[in-house]
Structures are given as C-alpha cells and as structure tokens.
Amino acid sequence: HTAKEMFITQSALTKMIQGWEEEFHCQLLIRSKKGVVFTSKGEQFVKLCRNLLRMENQFQENLESYGDAITGSLTVGISLNYMSHCFPTILQSFTKRNPYVHLSVTDAHSEKIYADLLNRKLDVAIVRGEYKWSDTKLHLSSEPLCLVSTFPLTEKTILSAPYIGHRTDTDTEFNIDRWFFERKKPAPEAAMWLSSISTCRDIVEKGNGWSILPKICLDGFRGNIRPMTFLDGTPFLRNTYALISHGQSELPHVRVFLEALKEYHQLR
C-alpha cells in the first residue's frame, strides 16, 4: 500500500528502507504477521523526517512571501568611531529598505576589524586608516586631524600643556610624528593615554589639556579647533574605507549594503 501511494514498486521501497538502515546502522522496522511496526530508532527517524518536511514547507512559504526581495546574511565589522557617529543612521535606512537581509554587526578598533577580515570572519570591514587590501575597497570619507583645546593653540601651549593621547592606527601615529618633525619639535609625551576618542574629547573639553582628534568627533566641541597641515600644504587627513571579503562584492545583499554606505557619504 505504501509503495502504491508513492508510485514506486515494492522492491524500490524495500531498497530505500534497507539503504537507510545501512546508513544509520540500526533497524528501523520490524515485520511481523500483524504488520509492520517501527523500532524505537525508527520512531526517531520518522520524527526527524516530519521535522524536515515541515522545515521544507516553511522555507518554500518564506520564498513565496519574499517575492523579489533581496535576502541573505551579512557579517560586518565596524570601527568604534564609525559605529558611534555614522552607522546608526545607515543601519536605520538599510534595514527599512532591506528587511529580509540579516545583519550581524560587531564593533572594535580598526586593527581588530582588519584582522577578523583577514581571518575570513567578516564579509565587510569598515576601517579607519590605511590597510592593504587587494580586493574591493571603497573609499568612504576623508576627514582632517585637528589640534583641539579650550585655550589658545600656540607652539608654547602645545609644548607646555598636558597632551591627552588616544589609541589610533599606525599610519596616523606616523603622520603625527611627521607633523612635529617638520616643525623641529619633539612628539608630545602623553599625560593620559585613552582608548576612546570620545573620552579624550571630554577630558580636553574640561580644560585638562590638548589633543589631536579627527573631525568626526568634534561636532559641538566647545573650544579651539585647528585643522593640521604638513609644511608642503597637504592637509593631515584620515581616511575611512569599506573592505569587502574576496568574492562577496557581487552578491545582491552585499551590493545593496554598499549602496547604503555610498548614499550616506554622498558617493556616486
């Protein structure tokens, strides 16, 4: 009766059952004069099959409900400062337009985000500073590095007042040293060394010293802000990039995420 219901021969059905029993190394059915009954392992197998059928039906229903909507999962690593000052607005717009794309987001210092990308833990990394990358690399923005304080910024105050330092990438540290070297001044020794530029800004705004901070964190700063330039007139800038994992940039859900970044930064 089962074979007839499945539109196959009895021998084909018997081979299917025997194949499962060989694969799982257990007996699924017991045949007797009263009919066929499942063993305890067979009952577990039937339960598994029913769950799989239910999942398949649910998946089909989801596909039909999505229609032409873009779907997929995207793992994104974001630098701390970009997460704090830019990403909430991007996230709000992106999730509203792409409700079926699942975003998994982590934030950390750019060095950690870059390392996770190299180790294939991320699909997209948003980093601040210069990092080597041979695949898709989208330049999002450039911003000036600025001398900031609540008192007048002169060579005398820079050399005498406490310097409030913060963690940054190697390239930025090199350019800070270059800026002072060009002026034949020693690079400042930090009176405080902080991991967060927001905390650094707060300390400076209370009049506790001066610092070098990116423009991204200086909206509403109550004090003196002076963008830095090198002696050849080149502005001291810090760049932000989106780095895309190998082979991911052509996927539809990755493309729409990159478009959201471009829209926020007004890129063509």
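How many bridges join strand β3 to strand β4? I began my notebook with that, keeping in mind that this is a predicted model.

**Entry 1: the strands around β3**

I found eight bridges between β3 (residues 72-79) and β4 (residues 101-108), and the two strands run parallel. To get my bearings I looked for a facing pair, and S73 stands opposite H102 in β4. Then I turned to β5 (residues 124-128), which is also joined to β3, here by three bridges and again in the parallel sense. On that side I noted G77, which stands opposite A125 of β5. A reminder to myself for viewing strands: in a regular strand, side chains alternate between the two faces of the sheet.

**Entry 2: a hairpin**

Next I went to β1 (residues 29-32) and β2 (residues 35-38). They pair in the antiparallel sense, over four bridges. Two residues lie between β1 and β2, and the strands form a hairpin. The pair I marked here is I30, with V37 of β2 opposite.

How do α5 and α10 pack, and at what angle? I looked up α5 (residues 87-97) and α10 (residues 252-264), and their angle is about 135 degrees, with the axes 10 Å apart. The crossing of α5 past α10 is right-handed.

I listed who makes the contact: F87, T89, I90, F94 and R97 from α5, and H253, V256, F257, A260, L261, E263 and Y264 from α10.

I followed the chain into the segment after α10, where H265 is found. Is H265 buried or exposed? Its relative accessible area is 17%, and buried means under 20%, so H265 counts as buried. Leaving aside residues up to four places away in sequence, H265 touches Y82, L140 and S141.

F7 has 77% relative accessibility and the cut-off for exposed is over 50%, so F7 counts as exposed.

I noted R120 as well, in the loop between α6 (110-118) and β5. Its phi is near 60 degrees, a positive value in a residue other than glycine. R120 is exposed, with a relative accessible area of 61%.

Note on methods. Residues numbered from 1 in each chain as written. Predicted model: local features only at pLDDT ≥ 70, side-chain atom pairs only at ≥ 80, totals over all residues. Heavy atoms only, no water. Pairing = 2+ DSSP bridges. Axes fitted to C-alpha atoms, helices over the stretch in contact; angles between N-to-C directions. Left-handed = near helix turned anticlockwise from the far one by under 90°. Contact = heavy atoms within 4.5 Å. Buried < 20%, exposed > 50% of the residue type's maximum accessible area, 1.4 Å probe, protein only.
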